[in-house]
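Dear colleague,

I am handing over the structure we spoke of, and below it you will find my notes on what was found. Please read them with the model open beside you.

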Amino acid sequence: MNNVGIDKHSNNDDYREWHRALVHSTIKMVLEPLVDLMRTGIRLYCADGKERLCFPILCQHIGDMEEQWLLACMKKPDCPKCIIINPGTQLHDPRNRTIRTDAHAANARERQKHGEITLRELMDLGYHKTKPYASEFPHNGILDSLCPDLLHGVSKCFSDYIMKRFIWPYMQYSWKKKGVAASLLRMEFDSRFALVPSYMGLRRFKDGILTQNHHWTVHEHKEMMKVTLAVLAGICPPDGLELLREYLHIHRLSHYHVHSEESLGWLESAISVFWSILKRPTGGFIKAGLITNEFDVQRLHYFMHYAESVREKGSLTSYSTDRTEIWHKPIKSAFRRSNKGKDSMRFILKEQSVLSAFQSRLGMLDLDESQTNGTDSNGGNSNGVDANGAEKELEELSDKEDSNSDNEELGLPREIGTAEQITALHKSEKAILWPRNARPGFRQISTTDAESKTNFGNANFSKAVKQYLLEAHPGDSSSRNEFITVSIYSNITIRYPLWTPAEVSAHTPESSEMEKRREYKYVLPGRYHVAKEILRAGVEEVYPRRSCVLVSTPERVPRGQQNSMSQRRVAQLLCLFTTRIENAIFLQLAFVHWFETKGQVSPSTGMYTVRFTSRFGVIPVDKIERGVHLVPKFGSEIGPTTEMKKKIDAERDEKLIKEGELTKSNVWLDVYAHYEDYLLNNWIDPHAYKNIF
Ligand SMILES: [Zn+2]
């Protein structure tokens, strides 16, 4: 059509105004029955058994940025929440902006209608002339009901802006000045991602990121965010790391389910520091020409409204498109499988009905939920949508060791614990559960036999067990025996609540009957708020992974400045075992290799450095707080990690050839054998972020 000089009507202003008006009149028609109730109210039975007169109001209209402009009848790229009052100034500074309201919009449209301002002037204020569907609602308008969207905001901007436009080009710029070729930098970057040790639920990028020439999903970007800071420490210029750190703070804090004024203060401070680093006139981003002083993008600008939105409407996670986006998926997939022609709509409808019929049948079955899943430390429900609505990638849990053992462990009853542990579990406190049986061949064996059957390297297991018994149970004679009998287990499962004491408050005598029935006021204890991790001690050939854990050491007298690691230590599990001493006392213990914590957190990355020591020891497993993710300190040079990756790959290949298992591609890479210093990755999940800082 364009070839014969006919303009496409979709490019025409009148057409777009007509289209906008059509969308709004349709929504208005659908909501018509509710509008009457907004005036007259409706009698509703409430959960406390009382009847109340309720008035529905438009509180939230969830949508991405494009949808928000359409819903508000606003011109791009203006912000639905504020108006620029000092053009040409620093637009990320709140002082140069003022709040935008529905009244402002209604007034401007009225004035345009009566000829007091021109259409051009109306547009300059940010508005199209079509009235939004909610303009006649008695209580609330559309501008008020639009709010920041985490999925297309802070989550998606990580790749769209932070990595693609700022960090990676900035790294290339600074290394080019030092005469390092971009290709070498790319290899170092990818090798580092590839050598990040595996961790339960963490997506591994075993071939790096830049070499992968495909589209990454937002879910994958979230996985990258968990490790990026540790990976880039040393090779990203300091202000680049700082920018990344502030961005990750914004990401973690904006996803909090519960906020206090304190946490909102942190969020606001992170946002303001983020902008000041990015736009510092003498800073690297301006110098490298990656950004101009005028830079202002609505999706990044929206951060400025995050805290205020939480104050008005509650946690951002409850009205982000993470919640709704997942439901597009079946429709998109049905469209792909249709003939994409005139019958495609009918095909999609049919697919939908089949799915919902199946779902309602499933709902009738009384499935034992505990069997479905639960390996996701961020919480998830049985249809594969986690608490944030993001789709769960089961593929990475298929990291061979984990999927096999999970199946193996699914036979019920699969775990045992002491009565106290089981009670703790039901109260959603920390609980440690052991598999029902010890490893075959490792039941009731002597510590010296255990040593010969297991590779403890240069650690002396028998000696450590004896020494522990001597110190912890001095009156007991077991430690004087030549042999101590132990049963060795391959793993334990640890569960712990994901909330912090500050986020919950127990009920008070004044609480209502309803509240008293609940244990906590703000966070309902449920299994989705409880993390479950499998900790391994690598006794098996098939699952050689040895988990690293956070051990509580309240008896230690902290030296120097106190911090969140003062009474904690990191250790790697070498063996999980039980033993019985006199008077039938049953002990659940772990043999560990200790790390030492080196000083305070690094200001640039917010992480502690831990280093392998030459000390080994035995601890009661109850001292374990949770598993931790350690990332090697790769250093500040370009090249060594590339070499290390080649070396580790060669070792793995050699091992595979020796064992005649060339087909098995997913062998655990024992990165721990090659590095001494590690960063304690507190960005891995919200619980680590809140507790290790
Ligand atoms: Zn704004």
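In which kind of crossing, left-handed or right-handed, does H7 pass H8? The crossing is right-handed, where a crossing counts as right-handed if the near helix is turned clockwise from the far one by less than a right angle, and as left-handed if anticlockwise.

Before the details, please note that this is a predicted model, in which local features need pLDDT of at least 70 and side-chain atom pairs count only at pLDDT 80 or more, while totals for chains, interfaces and linings use all residues. Residues are numbered from 1 along each chain as its sequence is written, and side-chain values use heavy atoms, with hydrogens and water left out.

Helix packing

H7 and helix H8 (residues 182–194) pack at an angle of about 125°, with their axes 10 Å apart; helices here are DSSP runs of H or I of at least four residues, and strands are E runs of at least two, numbered from the N terminus. Axes are lines fitted to C-alpha atoms, for helices over the stretch in contact, and angles run from 0 to 180 degrees between N-to-C directions. The angle makes H7 oblique to H8, given that angles under 35 degrees count as roughly parallel, over 145 as roughly antiparallel, 65 to 115 as roughly perpendicular and the rest as oblique. On the H7 side the contact (heavy atoms within 4.5 Å) is made by Met163, Trp168, Met171, Gln172 and Trp175, and on the H8 side by Ala182, Leu185, Arg186 and Phe189.

The axes of H7 (residues 157–177) and helix H9 (residues 218–232) come within 12 Å and cross at roughly 25°, and the two helices are therefore roughly parallel to each other. Their crossing is left-handed, and here Phe158, Ser159, Met163, Ile167 and Met171 of H7 meet His221, Met224, Met225, Thr228 and Leu232 of H9.

Helix H11 (residues 261–279) packs against helix H14 (residues 306–313) at an angle of about 155°, with axes 9 Å apart, so these two are roughly antiparallel to each other. Glu261, Leu264, Leu267 and Glu268 of H11 make this contact with Tyr306, Ala307, Val310 and Arg311 of H14.

The zinc ion

The protein donors of the zinc ion are Cys79 (SG), Cys82 (SG), His301 (NE2) and His305 (NE2), at 2.0 to 2.2 Å from it; donors are N, O and S atoms within 2.8 Å of the metal (3.2 Å for Na, K and Ca), and as water is not among the atoms, sites may look incomplete. The angles among the four donor atoms are 103 to 117°, and the site is tetrahedral, a label given to four donors if all angles lie between 85 and 135 degrees. Along the chain the donors follow the spacing C-x2-C-x218-H-x3-H.

The loop between H2 and E3

A cis peptide bond joins Lys76 and Pro77, with omega about -5°. Cys73, which is found in the loop between H2 and E3, has a positive phi of about 50° although it is not a glycine.

Definitions and conventions. Four donors count as tetrahedral if all angles lie between 85 and 135 degrees; four count as square planar and six as octahedral if opposite donors are over 155 degrees apart and all others between 65 and 115; anything else is irregular.
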